[in-house]
Amino acid sequence: MIQSLMVNPRIKHRPTICYRPIQPSDLETLEKIHSDLFPIRYESEFFQSVVNGCDVVSWAAVDRSRPNDQSDELIGFVTARIIMVKDSEVLSGSSNSIQISHTMQIADLLRYDSSRVDQNLVYILTLGVVEAYRNLSIATALIREVIKYASSIPVCRAVYLHVISYNNPAIHLYTKMSFKCMRMLHGFYLIRGQHFDSYLFVYYINGGRSPCSPLELITLIVCCTKTGLKTVASKLMMAKPKWPKGNETRVPVTQSKRMANTECSGLEYV
């Protein structure tokens, strides 16, 4: 697929974006982008699996209008893995700097027919776009590639992923693309000793359906919304100036911001 885009102020030319599988020649660039975008370190085995297509499917976004030596260089990517529904407890794991602290039954994500042992899901592992190429719908196009691929598998019932709770641009993107927020997982991520909540998003395909009734699903969405509002309110309260006791006139003391090395911006973290 070729996508011609309007000029981004940070790009000096009109980009022509193409999408292709990630290849072994992309290894160095893929590692660098992950290092630049994500607050965690992925092990070399992960990157080898991606570039060699071992148990991981992937798509790269490249700008063909760049100079010849850069025309096939990654400017965005998405990686995903096929998960058998019957192999349910697969969400626990760790790397050098991150630990997923929960396991859950994948069958909980959909109305699962236990007699159909061949049913599977596609789990989005990582999604990223380099900063200069953001806001050009590249992430949307990459996700559509995943959905198209998953839809082509007759026994695949859904595409799903996790989003760290403060990654608002990613949450907005998945909501806009009709992913359903199924639940909030408290303390799901452990990054450098600090726990972060996660939202679980699901996009149903090929007849896959939520295990919740419509009323239960609405209730869940309302709960997630309330939780989000409480989080925002809490942050606002934390940021409220604190004046010391006494009659002295002093500069207000504000709560310090979360450490930069655990923050994510844009769509770097799923």
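Strand β2 (residues 16-20) is mostly covered, four of its five residues being buried, where buried denotes a relative accessible area under 20%, exposed one over 50% and partly exposed anything in between (1.4 Å probe, protein chains only). Helices (H or I, at least four residues) and strands (E, at least two) are DSSP runs, numbered from the N terminus. The structure is a predicted model, in which local features need pLDDT of at least 70 and side-chain atom pairs count only at pLDDT 80 or more, whereas totals for chains, interfaces and linings use all residues. Residues are numbered from 1 along each chain as its sequence is written, and side-chain values use heavy atoms, with hydrogens and water left out.

The protein contains five helices and 10 strands, and buried residues account for 45% of its 270 residues. Its accessible surface amounts to about 14,500 Å², with 55% belonging to carbon and sulfur atoms; the areas come from the Shrake-Rupley method with a 1.4 Å probe, and for residues only the protein chains shown count as cover. Of the contacts (heavy atoms within 4.5 Å) between residues at least 6 apart in sequence, 70% join residues at least 24 apart.

Strand β2 runs antiparallel to β3, to which it is joined by four bridges; two strands are taken to pair if DSSP finds at least two bridges between them. Within this pairing, Cys18 stands opposite Val62 of β3, and Ile17 has Asp63 of β3 as its bridge partner. Strand β3 is largely enclosed by the rest of the structure, because six of its seven residues are buried. Strand β3 also pairs with β4, again in the antiparallel sense, over six bridges, and here Ala60 has Phe77 in β4 as its bridge partner.

In helix α1, the buried residues are Leu30, Ile33, His34 and Leu37. These residues cover an arc of only 100° around the axis, which puts them on the same side of α1, the arc being that of the directions from the helix axis to the C-beta atoms. An α-helix has 3.6 residues a turn, so residues three or four places apart point the same way. The face of α1 turned away from the buried side carries the exposed residues Glu28, Lys32, Ser35 and Asp36, while the cover over the buried residues of α1 includes α2, β4 and β7.

Helix α2 (residues 44-51) has Phe46, Phe47, Val50 and Val51 among its buried residues. Seen down the axis of α2, the buried residues fall within an arc of 120°, so they line one face of the helix. They pack against α1 (27-37), β3 (57-63), β4 (74-84) and β7. Helix α2 is followed by Gly53, whose phi is positive, near 65°.

Thr126 lies in strand β7 and counts as buried, with a relative accessibility of 1%. Its side chain makes polar contacts with the side chains of Thr79, at 2.7 Å, and His34, at 3.3 Å. A polar contact is a pair of N or O atoms within 3.5 Å, of which, within protein, one must be able to donate a hydrogen and the other to accept it, and residues adjacent in sequence count only if both atoms are side-chain atoms. Arg134, in the loop between β7 (120-129) and α3 (138-151), is likewise buried, with a relative accessible area of 16%. The side chain of Arg134 reaches the backbone oxygen of Val129 at 3.0 Å, and the C-alpha atom of Arg134 is separated by 9.6 Å from that of Ile75, 59 residues apart along the chain.

When neighbours within four places in sequence are left aside, Phe179 is in contact with Ile143, Ile147, Val159, Leu161, Tyr174, Phe201, Val202 and Tyr203.
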